[in-house]
Amino acid sequence: MAGTDYAAVKDTKFYRNLGIIAHVDAGKTTTTERILFFTGKTHKTGEVHEGAATMDFMQQEKERGITIQSAATTAFWELDGNKYRINIIDTPGHVDFTAEVERSLRVLDGAVVVFDGKMGVEPQSSKVWFQAEKYKVPRLCYINKLDNIGADFYKSYTSITEHLSEKAVPIALPVGIENEFNGIIDLVEMKMRTHHDDEGKVIDVHDITDDYKAKAEEWRAKLIEAVADVDDAIAEKFLGGEEISTEELQTGIRNAVLANKLFPVLPGSSLKNKGVQAMLDDVCRYLPSPHDKDYVIEDEQTGEEKTFHGKVAGWDPKSGEVISRDLHADEPMSALVFKLAVDPHVGNLAFFRVYSGKIQAGSFVYNSINGKKERIGRIVMMHANSREEATEVKAGDIAAVVGLKDTKTGDTLSDEKNPIRLASIDFPEPVVRFAIEPKTKSDQEKLGEALGKLTSEDPTFHAQTDQETGQVVIAGMGELHLEVKTRLLKDDYGLDVNIGKPQVAYRETINAEAEHRELLKKQSGGAGQYADIAMIVRPRERGEGYKFVDSIKGGSIPREYIPSIDKGFQESTTAGPLGGFPVVDVEVEIVDGSYHEVDSNTDTFRTAAFYGFKNALKKAKPVLLEPIMKVNINVPEEHVGSVTGYLSSRRGIIKNMMPRGKTNELNAEAPLGELFGMTSDLRNLTSGTAAATMEPSHYAEVPGGVVASIVGEKSGE
Ligand code: GDP
């Protein structure tokens, strides 16, 4: 059974932690399914009728729930006599879920980017491409759907070099196209692989036929040139006119891919089972094992970036010192939790990647972020289409554990005696929220439970009860994000809810430095109150947050009151002086003060700090910040004018516009507050032909003229 497969791949050198990323509809699901089919232990190519096996598989999928399957699946593949283990990590191709993509990019080592052979580069593929760029994830480009009418490998390839990277180069070419697409030419081995059916059962490997020889020579020369550009050994041979062997070229390609200096391009049709096996070969041949990756982290003490090759690096949770580990099972354990999910059959699942050491079911691990010990319950893994329990997982593995209590996405699990803190995963703060209430009052408790589950799964989705109104407020990345969640409440939990008006998560900050002295003095009758704090508030860069600086000298304020002052300031940041929105990016320094032997205590200083901070901000040119959304709209030529007009009337700025076949892709930025209802407005303006996506970009100052209406709205609530 599959257990022997797990044991067969001992060396993590043969591991591939792989992401398959794509624009919606490019064929990610079909490709993943075909990979699982061709790698399936019990469904060796040719043994089982493909159609039947796939249907079986899908049926079981439905019955079992797809949670585990969709987050991480293991497959095995053999190449050149070596058995490889491919862990496929899900990366959603959908709009609005940037955070989901980012967290999977953190734990995967290489990716296959799937393109639609007719559409070429689409908005989502370019977005994910550049996210992968940020994490320096080596990539293969798989041009899919070449059997489709209108598919064009070369045009799609050109769109990759034009929009994504000039370092992309084909390592294989299609034979035939559309209905006639029936094989590929391997430009490295200079062989043709011909398919005789649409089931991928029989592939003939033979010499390139005469009609394709010239084309193959031409593109092999381009490939060698591209490799020679980044590889001295190949360059020398190439310039000397020497023959370059298959092995040399493969090594050259591998090195270039690992260094992100080359992106091989491959043809295929997942639906027709063509090109998938070759792609699997190339995944094993060219994409990195965990040991081939660089881990870059910042020394928190010096701010300097440090790079570790083939090791995982983090910080000592106590000293903050940078430490690293080899990616081996005999090192102290370290693992990163990258996703939480609730599976109806299994319960709470935490998905993690083990970087070093081993984790045993039933053992205890240390969460080095919150300092708590957690018991590892059952460990589950997916192998193709079956769920398996494991008693132990080790360096390089990706698995899920059932029943962790206090662990969040981005937390590090480690060995208590040798703790390490790995870089966490950053999630953007929500920018939009609205109140919800169950249509049936008695569902209140059920709503709380359902929201608890949904928020634990998605770190960009928040829910809380408003202290003042008792209302339940949900918050997220955009209207669509929240619509998806309310739909889940109905579909998965049977909860019908009323939805309030969407509200923007505004913030406040300051634009100038200001000094302020707050004196709290009540000394008439009974116990008195006394606290006196002199402070300076200063603006900080966007995203730097709150900072407290203590410059009190000579005991003008006794040490024991200082923490309460900091606390008072922090409490005050929850509601700014303009509209009661949270205050961000402000430094406050305390420089002087005085106290009273009897009437001063921690509470009086905390209260004085609370009011003092607000009063100081008022003097420091307070401003309102609003979330600016990146808007991406695909719109046919004839509607471009009305869409750009619409955006301008909403304080939008058009960033660029690119032709995409018959439509135009329009990129713009606009304040979230102006974009409510955009989807239906666009539908009306363009007779339903425009498709829009948006995501939070950054916070920017609200123009003076608009502030009053926002603040007025808030106070009128
Ligand atoms: P995803 O949204 O990226 O996961 O895309 P899917 O795998 O769900 O595919 C979207 C649609 O394209 C489905 O109807 C597939 O059957 C179809 N499709 C996927 N791969 C191919 C292919 O190679 N050729 C053709 N003709 N259709 C394909």
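Modeller: The model is a predicted one, and the part you ask about is an open sheet made of four strands, which follow one another in the order E32-E33-E35-E34 with mixed pairing. Strand E32, residues 514–522, and strand E34, residues 547–550, stand at the edges and have a single partner strand each, so one side of each is left without a neighbour in the sheet. From one strand to the next, the twist averages 25°. Strands of a sheet pair through backbone hydrogen bonds, and they may do so in a parallel or an antiparallel way. Strand E33, which covers residues 529–539, runs antiparallel to strand E35, residues 586–594, and eight bridges join the two. One place to look along this pair is Ala 534, which stands opposite Asp 592 in E35.

Two helices can be followed against this sheet. Helix H15, residues 602–618, packs on the sheet, where it touches E32, E33 and E35, and its direction makes about 35° with that of E33. Helix H14, residues 562–572, lies across E33, E34 and E35 and runs at about 150° to E34.

For comparison, turn to another open sheet of four strands, in which the order is E7-E8-E9-E10 and the pairing is antiparallel. Its edge strands are E7, residues 172–175, and E10, residues 203–206, each of which pairs on one side only. When direction is ignored, neighbouring strands here are turned by 20° against each other on average. Within this sheet, strand E8 (residues 183–186) and strand E9 (residues 191–195) run antiparallel and are joined by four bridges, and Gly 183 has Thr 194 in E9 as its bridge partner. Helix H8, residues 210–230, packs on this sheet and touches E7, E8 and E9, with a direction that makes about 160° with that of E7.

A further pair of strands, E12 and E13, forms a hairpin with six residues between the strands, and Gly 303 in the turn has a positive phi of about 80°. The two strands run antiparallel and are joined by five bridges, with E13 covering residues 305–309; Glu 298 has Glu 305 in E13 as its bridge partner. In the loop between helix H11 (276–286) and strand E12 (294–298) you will find His 291. Leaving aside residues up to four places away in sequence, His 291 touches Thr 12, Lys 13, His 309, Gly 310, Leu 327 and His 328. Of these contacts, Leu 327 is 36 residues away from His 291 in sequence, yet the C-alpha atoms of the two are 7.1 Å apart in space.

Finally, consider the ligand, which 15 residues surround, the closest being Asp 25, Lys 28, Thr 29, Thr 30 and Asp 147. Helix H2, residues 28–39, gives the largest share of this shell, namely three residues, and the shell as a whole divides into three nonpolar, eight polar and four charged residues. A polar side-chain atom of Asp 147 lies 2.7 Å from a nitrogen atom of the ligand, while a polar backbone atom of Leu 271 is 3.2 Å from an oxygen atom of the ligand. A polar backbone atom of Ala 26 is likewise 3.4 Å from an oxygen atom of the ligand. Taken alone, the ligand exposes 580 Å², and the protein buries 73% of that area.

Note on methods
Residues numbered from 1 in each chain as written. Predicted model: local features only at pLDDT ≥ 70, side-chain atom pairs only at ≥ 80, totals over all residues. Heavy atoms only, no water. Pairing = 2+ DSSP bridges. Axes fitted to C-alpha atoms, helices over the stretch in contact; angles between N-to-C directions. Contact = heavy atoms within 4.5 Å. Near = heavy atom within 4 Å. Polar contact = N/O pair within 3.5 Å; in protein donor to acceptor, adjacent residues only side chain to side chain. Areas by Shrake-Rupley, 256 points an atom, 1.4 Å probe, with all protein chains shown as cover. Nonpolar A, V, L, I, M, F, W, Y, C, P; charged D, E, K, R; others polar.
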